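Please open the model in a viewer and keep the selection tool at hand.

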Amino acid sequence: ERVSALLPLQNKENISLIPTLSPGASSFPHHRATLRLSEKFILLLILSAFITLCFGAFFFLPDNSKHKRFDLGLEDVLIPHIDSPKGGKHAAGQVVIHGQGGHDEEEEESLRDKIRADHERALQEAKEKLRKSREELQAEIQTEKSKVVEDLKKKDTGPKPLPPVPMPQVVGVSDGEPPEPDVKEKRDKIREMMKHAWDSYRQYGWGHNELKPLAKKGHSTNIFGNSQMGATIVDALDTLYIMGLHEEFKDGQEWIEQNLDFGVNAEVSVFEVNIRFIGGLLAAYYLSGQEVFKLKAVQLAEKLLPAFNTPTGIPWAMVNLKSGVGRNWGWASAGSSILAEFGTLHMEFVHLTYLTGNPAYYQKVMHIRKLLAKMDRPNGLYPNYLNPRTGRWGQHHTSVGGLGDSFYEYLLKAWLMSDKTDTEARKTYDDAIEAIERHLIRKSNGGLTFIGEWKNGHLERKMGHLTCFAGGMFALGADGSPDDKAGHYLQLGAEIAHTCHESYDRTVLKLGPEAFKFDSGLEAVAVRQNEKYYILRPEVIETYWYMWRFTHDPKYRQWGWEAAQAIDKYCRVSGGFSGVKDVYSSNPTYDDVQQSFFLAETLKYLYLLFSSDNLIPLENWVFNTEAHPLPVLHLDKL
Ligand code: DMJ
């Protein structure tokens with residue numbers, strides 16, 4: 001009635017607002033209410049006024065959730081400083097603005113003012129936004145997006161500072177130009193080969209682990225899992241630096257800064273990643289002084305550490321970089337880890353501890369050494385297989401080539417890199433070499449010294465291309481050998497170099513096969529088809545270089561040049577360098593892989609062979625097994 005009185009212009013129609021219920025349908029009394037259209041309009045008006053009021057209240061009343069977040073922030077800051085939960089000014093649970101008393105009116109009021117002001121500002125901003133054109137808004141959103149991305153990038157890659165350590169004295173990292181013009185010419189040629197290998201990879205395989213130089217696309221193998229971590233870039237960096245290819249080096253550095261990420265779901269070889277990536281990054285760091293390489297090396301090393309979570313502490317061969325789950329190669333004897341893999345971590349891991357101050361790396365590799373020292377060795381030899389669960393040897397196979405090689409190399413180099421203070425490593429090396437000489441090294445009927453393989457009490461008269469590195473190792477270890485046998489070991493190095501040269505010289509391509517025999521009238525030649533390939537390996541040239549440094553006998557430069565020419569002639573293609581499948585065939589087929597070690601090792605050793613000795617002097621640098629030079633350290637502080 002009151003409503004109708006206020007509205008003179010009424011609609012005479014009655015509108016039923018409550019549905020009519022038939023009497024039998026309900027036990028409730030039957031109601032029927034009707035309103036005219038004008039009354040409905042007024043009711044709607046009142047309703048909308050009420051909604052507007054509620055809406056306003058929603059904006060202007062203090063936001064309780066904000067209070068809570070603010071409380072938490074304060075609590076987080078304050079609680080750690082509370083001395084006693086009972087006696088202090090702000091005992092836990094009585095933190096300022098936490099709502100249970102203990103805060104004064106003024107503070108609460110000022111907080112409300114702040115919240116109101118914030119809301120008003122937000123409303124104002126919203127209004128202004130609505131006034132802007134669509135284009136203006138889009139441009140603003142874009143700018144904000146880019147800012148967020150930039151901030152995130154800064155956070156992600158922002159260098160976490162590592163503890164400062166004295167940079168070891170770094171000498172002889174550039175130049176090395178030989179005085180003789182013909183030698184310089186050869187060196188220039190090697191540099192040109194490096195440019196061709198790098199430029200081809202840059203053009204066709206950039207960011208992939210390796211290159212397919214014929215297919216002209218990226219390539220990878222199971223040692224890198226399904227990762228795309230630019231193995232060639234990391235492996236090649238120090239060679240580029242040493243050759244003075246600084247533009248290329250910078251290009252590689254930029255890729256590493258922007259793309260090299262180890263959080264990938266990839267199961268990689270701990271050994272390969274250590275020698276190529278950690279070794280490569282550390283060498284690049286020491287040569288160039290660029291912090292990014294050190295940081296990346298440490299980030300990667302952290303990802304390898306879970307591989308050591310085995311019952312014995314002997315690491316798995318493979319680890320998933322993301323999950324940290326490790327396992328061994330399916331083909332390895334009795335689920336074993338491989339001597340040359342878990343035994344080739346020492347150099348890099350000691351450097352990591354040196355650079356980070358984190359003892360974990362050093363402890364891991366020293367634990368391996370201690371464990372091996374306690375084990376029985378058949379005939380004083382180290383078998384290639386060791387089970388990481390039981391701590392027992394697998395098959396009794398011993399090799400100075402594949403599966404064993406760099407374990408012996410790292411014993412010697414542990415001593416050298418410690419400035420010859422790690423005498424335990426030296427002694428272990430001397431004992432191992434003594435057993436190897438006694439049981440594995442023989443002279444062929446034709447007078448060639450070779451290193452065979454020990455298999456269950458029997459000597460296999462076969463030598464691998466990989467084994468040829470040992471010539472250089474014997475020469476490197478000559479100085480400091482027991483009983484003044486330096487001359488003997490230098491001579492042994494020379495004999496191995498000669499044998500390996502013969503293995504090259506007796507082929508059609510003048511490139512060495514993967515394995516060669518000294519049996520049934522055979523002298524340094526491969527028999528089986530699947531041992532006739534050459535995949536750009538470095539070991540023979542590596543030995544030539546060490547022998548050159550220790551003797552300066554010109555034949556080593558001559559042999560190195562023969563190999564370089566053969567590589568350029570038979571392995572070079574328009575898209576880089578490829579391995580060949582049969583070194584005894586005048587018409588070889590390609591394997592279509594440019595291995596990363598070709599840039600890391602083969603070309604580096606060739607370049608050093610035609611440089612003067614003051615480039616990376618051996619008194620100051622020790623090469624890891626992937627030819628990455630690391631400086632001698634003074635380890636008495638570890
Ligand atoms: C390299 O990756 C290293 O030299 C390793 O120790 C064994 N051999 C390959 C190249 O042949």
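A pocket is an open set of grid points, where the grid is laid over the protein atoms alone, with protein on both sides within 12 Å along at least five of seven lines. A molecule sits in a pocket if more than half of its atoms lie within 2 Å of the grid points of that pocket. The structure on the screen is a predicted model.

**First stop: the ligand**

Select the ligand, which sits in the largest pocket. Next, display the residues around the ligand: Ile275, Arg276, Leu466, Arg537, Pro538, Glu539, Phe597, Glu601, Thr625 and Glu626. By class, this shell contains 4 nonpolar, 1 polar and 5 charged residues. Colour helix 9 (270–288) and helix 20 (596–609), each of which supplies at least two residues of the shell.

Which distances separate oxygen atoms of the ligand from N or O atoms in the side chains of Arg537 and Glu539? For Arg537, the distance from a ligand oxygen to a side-chain N or O atom is 2.7 Å. For Glu539, the corresponding distance is 2.6 Å. At Thr625, a polar atom of the backbone lies 2.8 Å from an oxygen atom of the ligand. On its own, the ligand has 290 Å² of accessible area, and the protein covers 92% of this area.

**Second stop: the largest pocket**

Hide the ligand and turn to the space in which it sits. The largest pocket holds about 880 Å³ of space. Its lining comprises 33 residues; select Phe271, Glu272, Arg276, Leu466 and Arg537, which lie nearest the centre of the pocket. The lining divides into 15 nonpolar, 6 polar and 12 charged residues.

Which helix supplies the largest share of this lining? Helix 9 does so, with 4 residues.

How many cavities of 30 Å³ or more are counted? The count comes to 3. For the largest cavity, which contains about 50 Å³ of space, select the lining residues Val270, Phe271, Pro315, Trp316, Ala317, Ser337, Ile338, Glu341, Phe342 and Leu345. Of these, 8 are nonpolar, 1 is polar and 1 is charged. Helix 9, strand 8 (337–338) and helix 11 each give at least two residues to the lining of this cavity.

Finally, select His501, Tyr504, Asp505, Lys510, Tyr544, Trp559, Glu562 and Ala563, which line the second largest cavity. Colour helix 17 (486–505) and helix 19 (554–570), the elements that give two or more residues to this lining. The volume of the second largest cavity is about 40 Å³. By class, the residues lining this cavity are 4 nonpolar, 1 polar and 3 charged.

Definitions and conventions. Residues are numbered from 1 along each chain as its sequence is written. This is a predicted model: local features need pLDDT of at least 70, side-chain atom pairs count only at pLDDT 80 or more; totals for chains, interfaces and linings use all residues. Side-chain values use heavy atoms; hydrogens and water are left out. A residue is near a molecule or strand if one of its heavy atoms lies within 4 Å of it. A polar contact is a pair of N or O atoms within 3.5 Å; within protein, one must be able to donate a hydrogen and the other to accept it, and residues adjacent in sequence count only if both atoms are side-chain atoms. Accessible areas come from the Shrake-Rupley method with a 1.4 Å probe; for residues, only the protein chains shown count as cover. On a 1 Å grid over the protein atoms alone, a cavity is a set of points where a 1.4 Å probe fits but cannot get out, and a pocket is an open set with protein on both sides within 12 Å along at least five of seven lines; lining residues have an atom within 4 Å of a point. Ala, Val, Leu, Ile, Met, Phe, Trp, Tyr, Cys and Pro count as nonpolar, Asp, Glu, Lys and Arg as charged, and the others, Gly among them, as polar. Grid points are joined across faces, edges and corners, and a volume is the space filled by probe spheres set on the points.
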